[in-house]
Amino acid sequence: KRTSERIDFKRLFDLYYPRLILFAGKYLRDLNDVEDCVLESFSSLWENRKKNRKSGKCKIIPLFLRQK
């Protein structure tokens, strides 16, 4: 199960990281701050994925990421 979870995380990360970097870069000018913000967000989402899934909080994420 752990291996499949790592693969799932890597897929999400590889898919959304570049887009989130660009999005955060519109608001934060320092690349280090941008990267920290995006990595913290991924970490928080992943650590709380079961709780977020039950509460329905993750439904907004695909909508947010589709915006350009």
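The model is predicted: local features need pLDDT of at least 70, side-chain atom pairs count only at pLDDT 80 or more, and totals for chains, interfaces and linings use all residues. Residues are numbered from 1 along each chain as its sequence is written, and side-chain values use heavy atoms, with hydrogens and water left out.

**Exercise 1.** Find how many helices and strands the protein has.

Solution. Start with the DSSP runs, numbered from the N terminus: helices are H or I with at least four residues, strands are E with at least two. The count is four helices and zero strands. Now read along the sequence, and the pattern is α-α-α-α.

**Exercise 2.** Work out which residues form the largest nonpolar core.

Solution. First, take buried residues (under 20% relative accessible area, 1.4 Å probe, protein chains only; exposed is over 50%, partly exposed in between). Next, keep Ala, Val, Leu, Ile, Met, Phe, Trp, Tyr and Cys, joined through side-chain atoms within 4.5 Å. The largest such core has seven residues: Y17, L20, I21, A24, V34, V38 and F42.

**Exercise 3.** Decide whether L28 is buried, partly exposed or exposed, and say where L28 lies.

Solution. Begin with the place: L28 sits in the loop between α1 and α2. Then check the value: L28 has 32% relative accessibility, so L28 counts as partly exposed. For comparison, 16% of the protein's 68 residues count as buried.
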